[in-house]
Amino acid sequence: MTRSWTFGQKIGFGFAAILALTIVICVVTYQAMGDVVETKDRVIERIAGSLVDVERLSSGLNQQIAAMRGYVLSREDEYASELREARTAISQVLERLAQSLTVDSNQRLRGQIQKLEVDYESGVDAVFSAARSGTTTSELVALRRDKVTPVRREIDSKITALTTGIMTAVQKEREDSTRMADRASTLVLGLAVLSALTALALAVFLTRALATQIGSAVQHVQSSSAELQTAANQQATGAREQSTAMAEISTTISELLATGRQIAESARRVAQIAGETSGASRDGDQIVVRARDSIEGIKRQVDLITTHMLDLGGKSQQIGGILDVINELSEQTNILAINASIEAAGAGEAGKRFAVVADEIRKLADRVGGSTKEIRRLIDEVRAAVNTTVMATEGGAKAVDAGTRQFADVTTSFRRITDLVVTTTEAAREIELSTKQQASAVEQVSTGVGNVAQATAEMETSAAQTLQTATQLTRLSHDLARLVRADADPHGNW
Amino acid sequence: MNSSEGGWTGRAAELRRTFDDSFARPASAAGERLEDFLALGIARQAYAVGLSDVRGLMRIRLDNGLAAPSVEPHSPANDRYLQRNGHSQPGESSGAAAELRSVVRVPSSRRELLGVCGLRGALVPVFDLAALLGLETDTSSASWCVLAGANHLVGFAFERLEGYVRTQDGSVVPAPAASHCVTQLLRHDGGTRSLIALRTLVSSLERAAAGRPDETGEASR
């Protein structure tokens, strides 16, 4: 995750860590110093208050003695009031001491003083009562010496012991405060050491991380600059080759321009010839239409010939029927002639002349029969010829039909040819127009190629500048590598 | 067409000339003896009958009460024969078949008897000539009939009439393998024909009828 941090983030993180440690040290120091100061103030205040209260306690005792002496001497009640005020002050001092004293021995001394104070007040009251009753001074002195002075001495000794105890407690609290201040000092010192170590570790970490990343980046810059140098060399070489190719392209485009003009001229001639062909195809279409009409007339004539031939076949068949009749007659004649010859033969000599006639009749019938047979053969030949002619005519009619259909196809083809020729004409014109546009475009391309050649030369110069910049960048990357890593060689290698 | 017309014109002149020559031709010489025969075709064999034995010739048709008789067309071989001999070709036409004489079959124990035929008010028995000669043929093919007989007419049916033959004396020779009704051969135009003795056939039939009056006698009546 830290690899994705930027240099600013890493440095900021280091400074933030050191700042946090510093703040912690300051807070701890401030807290420790406050505790020490508060402890000292509390010790001083309590010790001072306790010592003052002890002194006030002695003072109150002295005020009671003073009020008692005043009353004894003047017998005025004002001293009684002073006596009560002194007692009130002693009572308040004892209450404060009960709250301020922390050591048990001192509390016990305060209790003993408070009990002795009661005895002391009783002794003072006894002196007052005696004074008020008129007792003599000597008696009053004796009474004070018996009732008040021993208690006072004991109280003083207790106050002295209490003062000693308070001083002992103060010494003890001072030592505690000193130890607390020492602990705070030790803690602050430890935190300071920790902060220093942390700062040192962060510095080492950031130094290594930055050195590693910057080194890697410098290496990348080095390799990239080397590649850029190589690319710049290649670019320069390519620019030179491109310049040469541009010159060749310019020459080729010039030739292409001349060829395009020739194509435009050819397309114009093609359009002209296509127009002439279109007219010729339309004439051919009309000729085909007339030929189709002629073929249809031939078809009608062929149909008529077929009809006539069929009629002829029917007539020849009728002739055949007539021949059958003639043949039958000749046969019957022949039979009659034979029977006549038979009868003539049976008649003997008388029938010979009749036999001659019958014989001639029979011969005539034979000749008729032979002629009839020959006529039948001719009629059969005629019928066969008619049939053949009819079949041929039908074949011719079919051929005429096929020819008619083919002429229809030819007509369709001619029309299609006409349409295609029109399309060809339009296409040729479009080719002519397109070729002219192409020539114009080629001229523009030629101009563009010239510009490209100029740009190529500029690019060649730019490639040289890029090569120089890449070399400088390589040098700078070496210097940066040496700045980042002291152990880098003079070439910036790690 | 013109040549054909010329040919037919010449044919008409030839016919006229031949017809006129028949009147101009002199009668036969006194010593010349001519014999007439009828050429018959039976079971694809050539036969002949003497015209002197024949009492008549007619076309017939066998009427079996089922169908009209078929008239067999002439074979090309017979046609050539007739053409070669200059004879007519009878029987080509079927248009006069309805006018043929009808031979009505009658019950008989003789298979040669085809039936009877009415002729000038008399019934004439008609026999199958091929069956009488012992030839195997189809009786329904008989379409010609020759009449013979002295007292009673008898008809002999055969298939084809192949022509009228007139020969000089000496054309009839004895048959090498004679049968009871074919004992001679007729030589004519380079070929021979078996000469059928119709009188012998009639005599044998009459004898057979005399032995069995229930058939031929009834038929004769």
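**A walk through the charges and contacts**

At 9% relative accessibility, Ser371(A) counts as buried. The model is predicted. Ser371(A) belongs to helix H6 of chain A, which spans residues 352-484. Leaving aside residues up to four places away in sequence, Ser371(A) touches Trp8(B), Arg11(B) and Leu15(B).

Now turn to charge pairs. Side chains of opposite charge can pair when their charged atoms come close. Over all chains, the structure holds 27 salt bridges.

One of them sits in helix H5 (residues 149-346) of chain A. Here Asp156(A) pairs with Arg152(A), with the closest N and O atoms 3.0 Å apart. The two residues are four apart, about one turn of the helix. Asp156(A) is partly exposed at 29% relative accessibility. Arg152(A) is buried, because its relative accessible area of 14% falls under 20%.

A second bridge joins Glu443(A) to Arg261(A), and the closest N and O atoms are 2.8 Å apart. This pair links distant parts of the chain: Glu443(A) is in helix H6 and Arg261(A) in helix H5, 182 residues apart. Glu443(A) is partly exposed at 36%, and Arg261(A) is partly exposed at 47%.

In chain B, Arg160(B) bridges to Glu162(B), the closest N and O atoms being 3.1 Å apart. Arg160(B) is buried at 7% relative accessibility, and Glu162(B) is buried at 5%. Salt bridges with shared partners also join Asp359(A), Arg362(A), Lys363(A), Asp366(A), Asp36(B) and Arg166(B) into one network.

Glu76(A), Asp77(A), Glu78(A), Glu82(A) and Glu85(A) form a negative one. Asp77(A) lies in the loop between helix H1 (7-74) and helix H2 (78-100) of chain A. Asp77(A) is exposed, with 54% relative accessible area.

Note on methods
Residues are numbered from 1 along each chain as its sequence is written. Chains are lettered from A and ligands numbered from 1 in the order in which they are written. This is a predicted model: local features need pLDDT of at least 70, side-chain atom pairs count only at pLDDT 80 or more; totals for chains, interfaces and linings use all residues. Side-chain values use heavy atoms; hydrogens and water are left out. Patches are made of residues with over 30% relative accessible area and no salt bridge: like charges are joined within 9 Å, nonpolar side chains (Val, Leu, Ile, Met, Phe, Trp, Tyr) within 5 Å. Accessible areas come from the Shrake-Rupley method with a 1.4 Å probe; for residues, only the protein chains shown count as cover. A salt bridge is a side-chain nitrogen of Lys or Arg within 4 Å of a carboxyl oxygen of Asp or Glu. Lys and Arg count as positive and Asp and Glu as negative; His and the chain ends are not counted. The place of a charge is taken as NZ of Lys, CZ of Arg, CG of Asp or CD of Glu. Buried means under 20% relative accessible area, exposed over 50%, partly exposed in between (1.4 Å probe, protein chains only). Contact means heavy atoms within 4.5 Å.
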